[in-house]
Amino acid sequence: MTSLLTPEKLAPPGRRPRRRERRAAELEARTRAVGAGLAAVGARPAAQVLEDLRTGRDGLPHDTAVARLHRDGPNVVAHERVPRWYVQLAKAFWNPFILVLAALATVMYVQWLQVADTEPFDPKIPILGAMVLISGLLRFWQEYRSGSAAAALRALVTTTTAVQRRPGRTQPPATVEIPMADVVRGDIVKLAAGDLVPADLRLLAAKDLMVAQSALTGESLPVAKDGTRIRDHGGNADPVEADNLLLAGTSVTSGTATGVVVATGADTYFGSMAGALAGERPETGFDAGVKRVSFLLIRFMLVMVPLVFVLNGLTKGDWAEAAAFSVAVAVGLTPEMLPMVVTTNLARGAVAMARRKVVVKRLNAIQNLGAMDVLCTDKTGTLTEDRVVLDRCLDAYGREDGEGGEVLELAYLNSHFQTGLRNLMDQAVVARMHEAEEVVVDARFTLVDEVPFDFARRRMSVVLRRDGLDGPADGHTMVTKGAVEEVLALCTHLADGGRRVPLTDALRRRAARTAEDHNRRGLRVLAVASRTLPAARDTYGVADETELTLRGFLVFLDPPKADAAEALRALAGSGVAVKVVTGDNELVAARVCAEVGIEAGTVVTGPYLDLLDESALADLVRTTTVFAKVNPVQKARIVCALRGAGHTVGFLGDGINDAAALREADVGVSVDTAVDIAKESADIILLEKDLTVLGQGVLQGRRTFGNTIKYIKMTASSNFGNVFSVLAASAFLPFQPMLATQLLVQNLCYDISQLATPWDRMDDEYLRKPRTWDARGIGRFMLVLGPTSSVFDITTFLLMWHVFGADSEAHQALFQSGWFVEGLLTQTLVVHMLRTRKVPFVRSRATWPVLLMTALVMAFGIALPFSPLASALGMQALPLGYFPWLAGTLLAYCLLTQGVKTWYVRRFNTWL
């Protein structure tokens, strides 16, 4: 039995515990009440249900339907509300670094106000303001555009349904097509193959009805429904399993049905489940990582800036100048371009993925996709083609019958000549026959009568007359196809080559064992039998389905996708473990996994999961690859357990039974054909349900993350090295080692050189394994690589002091100009040293945008002391003798950095 959804597992996370528990209890009570109410409806006779709804088999009068629509509201389930544009805009600016920049700009503005009468407007203020605006607006625009694209997917098709209504109370009923949103309680709905079920229905009549419930249960094969069967479950049954109920969100695969609407919108079983999924999303690995890194850098700033302020104030005695210099240092320590670099990286990733028919709803999901090390996926439509095909035909002994054999021909006759709607198995049989063979078979036989399929017999028969060249044959041939147990019970003989031999008990057991062996491998098996009858009459019935001869078996499967195995190998090569989490049974799941190359091991089922506490579940999910017969709650628990074990988890699903897990995952992936609540719960929407596309997205996510972490590590270590040098110089120099304006200009030039970072490439080795945020690693990187640059800053201090005589306040402009150029060039050059763990320029070269941007910034830095801007910045031209020393310093810096990098990689087995 499929368990009812328990919303205490699905209630919105991220809120205060009491509020969450209260909402969970409310949702649990509501969902159970809906399920019990539907079970009660299914247990009542149809006439009583119609009377309770104040309707009839002819349908509602039009005015009554309009009044009910006005009273009850449209037939729509709870959707995640898209925030207003101004709310999205505000959230785009809610970033620690943007807030720090805004605060620093405010401090600068307040400082300028104090001297506004004598000093011109500080250009640093609009520069910081522009950084804040550009970064926030870029993020807002990309996320707003992606959200609009996702909304457009939902608006592509307006779905209608057929209802029977009366134009007036005295007029005869008519069947009309209306939007699903206009369906009301008491409407009489007409359904046929391919129709979506618009609301919760109590069946009034059904013929050969098969319903796909995978959106609710995950089971790939449709189930039979019949409006005549009534079972009283005491109000505790799962409405999904009720024979006479059709639930919103399911669809008709074959047959026809008429039902009365008993619940619409949020009152449906679908709607009650959707309500449990609305609200805030849990914090993802990206969110947590950014938060940890942000506060690490802010903590460094909060420690270093006061030290600079106090040290400069005490040694120089000018506290106002010390305050201004400290603000400049704070800006220098803040990776102010990080929001812009991150947003540009994510936007470029979104554009690249859009070319592969992937809609990115939440930009952060791109980096989560790159960090993903576990992908949980349903099998239907992902590993398989989500269709039934005839895999093979077997004779009565279980041997291959081959193409064009007797079993396939008889099965084709049965499927082709039936007059009812063909189910998926019939369609698979017909599709297996070649067109030329169909023409020959059609010419040889004529339909005499049929015994239609019903759910009690679980078989159907056609009676045919064979047409030869000399006219009709003397006898009729009955061909019966259906469930093995039912057909086998009617057989007295079996076909053995051209002979007809008695079906002994031993042969009967062997035939049953053939079917059971295939069933255990997750395959669906039907039996085919026949009988020759005298051509004395043209009407036949169930009583004639006796003394049959067993001809053989038909074996069906949902075939694996041709590229599924290759896609799985690619994911495994990228360090992503795939776990199959399906609502289908364990036999089918194990068979599919074997065919696509997944080592299934021990398959764990949903009922077993319910017996485990969270600790035991955490141990189980680490070693289990395939989970079968799991409901929505269990799927969400599996995802949460994997995340709790430290994994970055992706989930690929398309049904409402997947929505809870999609929200709990670090990155939820759905498809454009999914139910709305699944698409709303997802971070990424695939326009094609293809693991290959997802694998390409993983690599794109890693490039995005790699370029982001590259910028953070390079900038943080470089800025920390600069401030470390400032502290050392401030303790001994009688003047500022660099003016606040010079420090900001240097920082701005370096930041400009970093604008090309999103266009850089990543080494292939980096892309081979998942990458996650590591605040501790960033801190270690800063502490090791930062002082490396300070070594050459200090040698430059000594050079300017002792060699070029910049040893007093009168010569501080020369000193500051020398350090400005050396500092900017080492900062910029180190981009190439730190962007790869390999030897730069030789084994790994940056892209042309990065090469060009860094070259331009270095040229600008060398030219600045000689330009007209030099006097405004307190700088002066450097002597030509300075530049050989500069070249030697840069060469020594590159060699030392490469040496430290080699040691760091060997010591910590990591770089970026």
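Student: Are F735 and F815 buried or exposed?
Tutor: This is a predicted model, and the term buried applies to a residue with under 20% relative accessible area. By that cut-off, F735 and F815 are both buried.

Student: What is the geometry of the aromatic pair formed by F735 and F815?
Tutor: The ring centres of F735 and F815 are 5.4 Å apart. Planes over 60 degrees apart count as edge-to-face. The planes of F735 and F815 stand at 75°, and the pair is edge-to-face.

Student: How many residues apart in sequence are the parts that F735 and F815 tie together?
Tutor: F735 belongs to the loop between α25 (691-732) and α26 (740-753). F815 belongs to helix α28 (residues 812-834), so the pair ties together parts whose separation in sequence is 80 residues.

Student: Why does the pair of F866 and F883 count as stacked?
Tutor: The ring centres of F866 and F883 lie 6.2 Å apart, and pairs with planes under 30 degrees apart count as stacked. The planes of F866 and F883 are at 25°, so this pair is stacked.

Student: Where does F883 lie?
Tutor: Its partner F866 is in the loop between α29 (848-863) and α30 (869-872), so the pair ties together parts 17 residues apart in sequence. F883 itself lies in helix α31 (residues 882-908).

Student: Which salt-bridge partner does D426 have?
Tutor: Side chains of opposite charge can pair when their charged atoms come close. For D426, the closest N and O atoms of the salt bridge are 2.8 Å apart, and the partner is K481.

Student: Where in the chain is K481, the partner of D426?
Tutor: The pair links distant parts of the chain, 55 residues apart, with D426 in helix α14 (residues 424-432). D426 is buried at 4% relative accessible area, and K481 is buried at 6%. K481 is in strand β14 (residues 471-483).

Student: Over which ring does the charged end of R780 sit?
Tutor: Ring pairs link F781, W903, Y904, F908 and W911 into a cluster. The charged end of R780 is 4.2 Å from the centre of a ring, and that ring belongs to F908.

Terms used:
Residues numbered from 1 in each chain as written. Predicted model: local features only at pLDDT ≥ 70, side-chain atom pairs only at ≥ 80, totals over all residues. Heavy atoms only, no water. Salt bridge = Lys/Arg side-chain N within 4 Å of Asp/Glu carboxyl O. Helix = DSSP H or I, 4+ residues; strand = E, 2+ residues; numbered from the N terminus. Buried < 20%, exposed > 50% of the residue type's maximum accessible area, 1.4 Å probe, protein only. Phe/Tyr/Trp six-rings, centres within 6.5 Å; stacked < 30°, edge-to-face > 60°. Lys NZ or Arg CZ within 6 Å of the ring centre and 35° of its normal.
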